[in-house]
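Hi,

Here is the structure I promised to pass on. Have a look at it first, and then read my notes below.

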Amino acid sequence: MTNDDYSSALTRRRFLRAVLAGSALVGAGALLNSCGAPSAGTSAPATANTTPLKIGLLVPSSDIYAVLGASITQGMQIAFAQVGNEAGGRPIEIISEDEGTKPDLALQKARKLVEQDQVALVAGVVSSGVANALRDYFHDGQKLLVLANAGANALARKAKSPYIFRASFSNWQSNWQMGTWAAANIGKRAMLSAPDYAAGKEMLSAFRNSFEAAGGEVVQVQLTPFPNIGDPAPFMAQIRDAAADFVYAFYSGAASVAFVKAYSDFGLAQTVPLAGVGFLVEQDVLPQLASAALNIRSALHWAAPLDNPENKAFTTAYQKLTNQQPNVFAVQGYDAARLIIEGVNAVQGDVSQQDILLKALGAATFASPRGPFKLDPNTNNPINPCYVREVRQAGSAYTNVVIAMLEAAGDPGDDSKDTPVA
Ligand code: PHB
């Protein structure tokens, strides 16, 4: 299968089922352990269940976050290939559904995976709006959900659930640390901009709270249409008129391409520095943004050039599989899959032993490309490092160079540090 075949396969439902069953895992083949043996701790009991372990994968394959969904999928694929595509002695079977961006439609897809396909767990989920909409279904039904992106704060706070784990971040993380850093290093008068939905508002709130505590002043908050910004001109005019020291923004995927390009096209990049949370200029959009992203500073729990053995090995595997640089979404997919493998190994494939499975998920630690991976037992949310990065050109490519490392943090677990932004 060529890479072109691979990308088109991404659009097909259940593509991974075929890939995993057919063993033709392009590029990642070298990662399979030599005899296909499961990893340590999985010696099978006499009555071992060797039927396929069905995992529902709910990520976007349409709309502005489609590339994020593909990246998460590819990251997961690498992690599963590393353990011979089995966990707890059972072959892994992935059943994919398109998350889109509409919470009610995504909830229907999740129900279908659980009730019709009878998956053991659902993994993925990019959008906070979707994650919030799924919460009661999984919590009340005592079904396992492993989030690989969606940062909705409530899931680490008042809506946290013993059945929901997050391998990614909460929307508070990185933004809070960046507020303090920006006040000291970028400017004191900021304009904030994000799409008008849960993640946009929560990220700007976290930034605003620490920025103001550090003596910063927010001159205006701009909330733009979600998922598509539409014509960016009126928003660029608002930014020009606000005459702030800098703009702090969250956009991601195709929305980031639209916003950052418009920012540059309108001549704002030369007059008002743009900063943000790292998704704004992640590796998934840098090839399209190119020089429009130069010098943008952003905070995130990962950066492409991180010099640790796991990041190097993951980057090599990802390039082999996709011919592209990895991005933070691929890393999160990789870590979500590793979390799942740890949990399923702990029950030797018998996922009906839910108490043991949940405990193992909560206790899992491993070396991640982002640094050491560990969940906060109070929130089931990772304690993440925080890297300040700056976009620089390296040859013909653009990358996020780390310029500062801020305090590692978990989500605070309540709203006490978060005054809503709008
Ligand atoms: C979210 O909706 O939680 C979200 C979406 C895209 C990102 C980050 C967070 O890049």
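Why does the ligand lie between domain 1 and domain 2? Both domain 1 (3–170 + 307–382) and domain 2 (175–300 + 384–409) give residues to the shell around the ligand, so that puts it between the two. Bear in mind as you read on that this is a predicted model.

Now for the shell itself. The ligand is surrounded by 17 residues, and the closest of them are Val126, Ser128, Gly151, Tyr197 and Ser252. Sorted by class, the shell comes out as 11 nonpolar and six polar residues, with no charged ones.

In the side chain of Tyr197, an N or O atom sits 2.5 Å from an oxygen atom of the ligand. Ser252 also brings in its side chain, with an N or O atom 2.7 Å from a ligand oxygen. With Gly151 it is the backbone that takes part: one of its polar backbone atoms is 3.0 Å from an oxygen atom of the ligand. As for cover, the ligand taken alone exposes 280 Å², and the protein buries 100% of that.

Next, the cavity side of the story. What does the ligand's space correspond to? The space taken by the ligand is the largest cavity. The structure holds one cavity of 30 Å³ or more, and the volume of the largest cavity is about 90 Å³.

Its lining is worth a look on screen too. The largest cavity is lined by 15 residues, and those nearest its centre are Val126, Asn149, Tyr197, Met203 and Phe250. By class, that lining has 10 nonpolar residues, five polar and no charged ones. The domain picture holds here as well: domain 1 and domain 2 both give residues to the lining of the largest cavity, so the cavity lies between them.

Cheers

Terms used
Residues are numbered from 1 along each chain as its sequence is written. This is a predicted model: local features need pLDDT of at least 70, side-chain atom pairs count only at pLDDT 80 or more; totals for chains, interfaces and linings use all residues. Side-chain values use heavy atoms; hydrogens and water are left out. A residue is near a molecule or strand if one of its heavy atoms lies within 4 Å of it. A polar contact is a pair of N or O atoms within 3.5 Å; within protein, one must be able to donate a hydrogen and the other to accept it, and residues adjacent in sequence count only if both atoms are side-chain atoms. Accessible areas come from the Shrake-Rupley method with a 1.4 Å probe; for residues, only the protein chains shown count as cover. On a 1 Å grid over the protein atoms alone, a cavity is a set of points where a 1.4 Å probe fits but cannot get out, and a pocket is an open set with protein on both sides within 12 Å along at least five of seven lines; lining residues have an atom within 4 Å of a point. A molecule sits in a cavity or pocket if more than half of its atoms lie within 2 Å of its grid points. Ala, Val, Leu, Ile, Met, Phe, Trp, Tyr, Cys and Pro count as nonpolar, Asp, Glu, Lys and Arg as charged, and the others, Gly among them, as polar. Domain bounds come from an automatic or database domain assignment. Grid points are joined across faces, edges and corners, and a volume is the space filled by probe spheres set on the points.
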